[in-house]
Amino acid sequence: MRVLSGIQPTGSIHIGSYLGAIKQWIELQEKNECIFFIADLHALTIPRDPKTFPEDVFEMTVELLASGLNPEKCIIFVQSQIKEHTELTWLLNTITPVGELRRMTQYKQKARQFKKNVNAGLLDYPVLQAADILLYQTDFVPVGKDQLQHLELTRTIARKFNQRFGKTFKEPKPLLLKIGEKIMALNDPRKKMSKSLPETCLYLFDEPEIIKKKIMAAVTDPGKIIKYNPQKKPGISNLLAIYSLFSKKSIKELEKKFKSLGYARFKKSLAELLINSLKPFRQKRKELLTREVYVKEILEQGRKKAQIIAQSTMTEVRQKMGLF
Ligand code: TYM
């Protein structure tokens with residue numbers, strides 16, 4: 001099965017992206033043909049500093065490798081280096097109703113958050129995402145819940161294209177985790193942990209003291225019982241989800257273990273678990289940051305492999321659409 005997913009190079013990886021998406025990528029690369037990329041074109045919908053943007057892309061590559069992506073087992077590349085992504089976006093634009101784009105939750109949120117810069121790219125963002133996915137004849141897309149609507153739109157676009165021009169694209173399916181599909185903010189469990197709100201994030205490469213501080217300060221709920229109930233106890237349920245995913249212990253087991261020990265003991269144990277689990281990630285990141293040539297070569301090899309697939313799809317698309 002072909003698996004594809006992407007991440008924007010906008011700040012460090014937090015445990016939301018890791019538990020919702022990247023952890024799945026690491027597991028999937030063992031038995032599937034996997035393609036992962038850094039979505040730098042998507043990131044440009046919010047202004048970036050051209051001086052530091054290349055470093056952001058480099059840093060994200062290092063972080064993905066440090067999290068466990070293995071270049072021997074998957075293709076890793078930078079979106080803007082394959083021109084077919086933008087070419088296909090234009091062609092798909094011509095069959096995508098603007099009304100559907102205006103309805104996208106992420107567009108509405110971003111348009112509210114960045115009122116002074118509601119650029120066309122923000123609206124067109126999901127079509128570029130559809131192009132990313134369809135270009136590679138993807139079967140499965142491992143993502144967090146926030147991307148589900150974009151995936152549905154991708155499927156709709158694929159269906160429409162196939163109906164109008166003949167079967168060309170596969171209809172990709174999302175891969176979501178039951179627990180972990182939406183990790184909430186530590187400082188406000190009603191909000192999603194999100195890169196655009198740094199105060200909501202626990203980063204994968206945070207130093208031990210920071211991890212401890214953030215976990216001990218995490219907002220919990222009234223009462224003392226440690227029980228998973230996202231509606232009534234969103235704070236403790238979020239921490240239980242994080243604990244379960246890092247320890248591979250079931251929520252039930254954890255509820256039993258910590259039942260009446262109180263929030264403070266539970267948090268202390270979670271902080272220790274995270275500090276230990278993330279230690280190898282921190283070490284690998286530090287090591288890779290000094291190996292610039294090696295990291296760039298991985299992206300170059302990835303670009304070469306991805307381009308072959310992208311070009312083959314584009315040849316077919318151009319033919320089907322009757323381009324000269
Ligand atoms: P991005 O960079 O915002 O996030 C990367 C991945 O992390 C997931 N994620 C979360 N999962 C659970 N809980 C959270 N709090 C959380 N925060 C983030 C996201 O769902 C995502 O899977 N548009 C995409 C990048 C993209 C893409 C694609 C993804 C571009 N083209 C094609 C898949 C296929 C994005 O901005 O992800």
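**Starting inside helix 8**

Let me begin with His150, which is found in helix 8. Before going on, please keep in mind that this is a predicted model. Is His150 buried or exposed? His150 counts as buried, because its relative accessibility is 2% and the cut-off for buried is under 20%. Leaving aside neighbours within four places in sequence, the residues in contact with His150 are Met104, Gln106, Tyr125, Pro126 and Gln129.

Helix 8 also holds Asn162. At 14% relative accessibility, Asn162 counts as buried too. Beyond neighbours within four places in sequence, Asn162 is in contact with Lys167, Thr168 and Phe169. For a sense of distance, take Asn162 and Lys249: they are 87 residues apart in sequence, and 44 Å apart in space from C-alpha to C-alpha.

Next, helix 4, which covers residues 84-93. Which residues of helix 4 are buried? They are Glu84, His85, Leu88, Thr89, Leu91 and Leu92. And what covers them? The cover includes strand 3 (74-78), helix 7 (120-134), helix 8 (148-165) and helix 13 (292-321). So helix 8, where we started, is part of that cover.

I will pick out Leu88, in helix 4. Leu88 has a relative accessible area of 0%, so Leu88 is buried. Not counting residues up to four places away in sequence, Leu88 touches Ala131, Leu134, Leu135, Phe169, Met314 and Val317. How far is Leu88 from Ile225? The two are 137 residues apart in sequence, and their C-alpha atoms are 52 Å apart in space.

**Two domains**

Now the wider view. The domain assignment gives domain 1 as 2-180 + 292-321, and domain 2 as 205-286. Note that domain 1 is written as two stretches of the chain. Taken over C-alpha atoms, the centres of domain 1 and domain 2 are separated by 30 Å. How many residues does each domain bring to the contact? Domain 1 brings 13 residues and domain 2 brings 10 residues.

From here on I will look at a pair of helices, helix 10 (residues 234-247) and helix 12 (residues 263-289). They pack at an angle of about 35°, and their axes are 10 Å apart. The crossing of helix 10 and helix 12 is left-handed. On the helix 10 side, the contact is made by Ile236, Leu239, Leu240, Ile242, Tyr243, Phe246 and Ser247. On the helix 12 side are Tyr263, Phe266, Lys267, Ser269, Leu270, Leu273, Leu274, Ser277 and Leu278. What kinds of residue are these? In this contact of helix 10 with helix 12, 12 residues are nonpolar, three are polar and one is charged.

**Loops and an exposed helix residue**

Asp206 has its place in the loop between strand 5 (173-175) and helix 9 (208-216). The relative accessible area of Asp206 is 11%, so Asp206 is buried. Which backbone atom does the Asp206 side chain reach? It is the backbone nitrogen of Tyr203, at 3.0 Å. Leaving aside neighbours within four places in sequence, Asp206 is in contact with Ile211, Lys214 and Arg282.

Glu209 lies in helix 9. Its relative accessible area is 57%, so Glu209 is exposed. Glu209 and Gly11 are 198 residues apart along the chain, with their C-alpha atoms separated by 20 Å.

Gln137 sits in the loop between helix 7 and strand 4 (140-142). Gln137 has a positive phi of about 50°, although Gln137 is not a glycine. Lys248 is found in the loop between helix 10 and helix 11 (251-258). Lys248 is also a residue other than glycine, and its phi is positive, near 60°.

Lys248, at 75% relative accessibility, counts as exposed, because exposed means over 50%.

That is the end of the tour. Thank you.

Technical notes: Residues are numbered from 1 along each chain as its sequence is written. This is a predicted model: local features need pLDDT of at least 70, side-chain atom pairs count only at pLDDT 80 or more; totals for chains, interfaces and linings use all residues. Side-chain values use heavy atoms; hydrogens and water are left out. Buried means under 20% relative accessible area, exposed over 50%, partly exposed in between (1.4 Å probe, protein chains only). Helices (H or I, at least four residues) and strands (E, at least two) are DSSP runs, numbered from the N terminus. Contact means heavy atoms within 4.5 Å. Axes are lines fitted to C-alpha atoms, for helices over the stretch in contact, and angles run from 0 to 180 degrees between N-to-C directions. A crossing is left-handed if the near helix is turned anticlockwise from the far one by less than a right angle, and right-handed if clockwise. Ala, Val, Leu, Ile, Met, Phe, Trp, Tyr, Cys and Pro count as nonpolar, Asp, Glu, Lys and Arg as charged, and the others, Gly among them, as polar. A polar contact is a pair of N or O atoms within 3.5 Å; within protein, one must be able to donate a hydrogen and the other to accept it, and residues adjacent in sequence count only if both atoms are side-chain atoms. Domain bounds come from an automatic or database domain assignment.
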